[in-house]
Amino acid sequence: MCTFERIKKLAKKHHLTLAKVNDLAGIGTNSIYRWKKQTPTSNNLQKVANVLHTSTDYLLGNTDDPSPFNTKNRHAIDIENDEILSYRGRPIPDDYLNIIKNLMDSDIERGKRRE
């Protein structure tokens, strides 16, 4: 399965069109369709991998595991920065992020924070 086919498969799993994945990744119009015949840049491929919650290794066919990372490679995400966060390929609205932050702040204040 080529990169384009893997992207198409994951997009369908996330109920996204390829055009929507393209837009969410912020890459040039119809870029993903051109990847049928062209090799994507690593930067653009990473953007698409982020939208689809997978790794570039999976999209390139270097692994058959679509999981974005294993437990050894997990890293923290700072939800306080201006980075666009997504869930199931869709951007998380600011009001949802505020709810999450408020819940976390409340738990931290009550000493329920787990490390």
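This is a predicted model: local features need pLDDT of at least 70, side-chain atom pairs count only at pLDDT 80 or more; totals for chains, interfaces and linings use all residues.

The questions below go from the fold to single contacts.

Visitor: In which element is the confidence of the protein chain highest?
Guide: The mean pLDDT of the protein chain is 82, with 84% of the residues at 70 or more. By element, the lowest mean is 76, in E1, and the highest is 93, found in H1.

Visitor: Which residue forms a salt bridge with Arg6?
Guide: The structure holds one salt bridge. Its closest N and O atoms are 3.0 Å apart, inside the 4 Å cut-off. The pair links distant parts of the chain, 58 residues apart: Arg6 belongs to helix H1 (residues 3-13), and its partner to the loop between helix H5 (56-60) and strand E1 (86-87). That partner is Asp64.

Visitor: Is Asp64 buried or exposed?
Guide: Arg6 has 6% relative accessibility, so Arg6 counts as buried. For Asp64 the relative accessible area is 63%. The cut-off for exposed is over 50%, and Asp64 is therefore exposed.

Visitor: How far from the centre of the ring of Tyr58 is the charged end of Arg6?
Guide: Arg6 also takes part in the salt bridge with Asp64. Its charged end sits over the ring of Tyr58, and the distance to the ring centre is 4.4 Å.

Visitor: How is the pair of rings of Phe4 and Tyr33 classed?
Guide: The structure holds one aromatic pair. The ring centres of Phe4 and Tyr33 are 6.0 Å apart, and the planes lie at 45°. Planes under 30 degrees apart would count as stacked and those over 60 as edge-to-face, so this pair is tilted.

Visitor: Which helices hold Phe4 and Tyr33?
Guide: The two residues are 29 apart in sequence, so the pair ties together separate parts of the chain. Phe4 is buried at 7% relative accessibility, whereas Tyr33 is partly exposed at 39%. Phe4 lies in helix H1, and Tyr33 in helix H3 (residues 31-34).

Visitor: What separates the C-alpha atoms of Ala19 and Tyr33?
Guide: Ala19 lies in helix H2 (residues 18-25) and is partly exposed, with 39% relative accessibility. Along the chain, Ala19 and Tyr33 are 14 residues apart. Their C-alpha atoms are separated by 8.8 Å.

Visitor: What separates the C-alpha atoms of Thr54 and Ser67?
Guide: Thr54 is placed in the loop between helix H4 (42-51) and H5. At 5% relative accessibility, Thr54 is buried. Thr54 and Ser67 are 13 residues apart along the chain, and the separation of their C-alpha atoms is 5.3 Å.

Visitor: What percentage of the residues of the protein chain count as buried?
Guide: Arg6 is among the buried residues, at 6% relative accessibility. Thr54 is another, at 5%. The protein chain has 115 residues, and the buried share is 26%.

Visitor: Which residues form a nonpolar patch on the surface?
Guide: One member of the patch lies in helix H6 (residues 94-109), namely Ile99. Together the members have about 340 Å² of accessible area. The patch is formed by Tyr96, Ile99 and Leu103.

Definitions and conventions:
Residues are numbered from 1 along each chain as its sequence is written. Side-chain values use heavy atoms; hydrogens and water are left out. A salt bridge is a side-chain nitrogen of Lys or Arg within 4 Å of a carboxyl oxygen of Asp or Glu. Helices (H or I, at least four residues) and strands (E, at least two) are DSSP runs, numbered from the N terminus. Buried means under 20% relative accessible area, exposed over 50%, partly exposed in between (1.4 Å probe, protein chains only). pLDDT is the predictor's confidence in each residue, from 0 to 100. Rings of Phe, Tyr and Trp (its six-membered ring) pair if their centres lie within 6.5 Å; planes under 30 degrees apart count as stacked, over 60 as edge-to-face and the rest as tilted. A charge sits over a ring if NZ of Lys or CZ of Arg is within 6 Å of the ring centre and within 35 degrees of the ring normal. Patches are made of residues with over 30% relative accessible area and no salt bridge: like charges are joined within 9 Å, nonpolar side chains (Val, Leu, Ile, Met, Phe, Trp, Tyr) within 5 Å. Accessible areas come from the Shrake-Rupley method with a 1.4 Å probe; for residues, only the protein chains shown count as cover.
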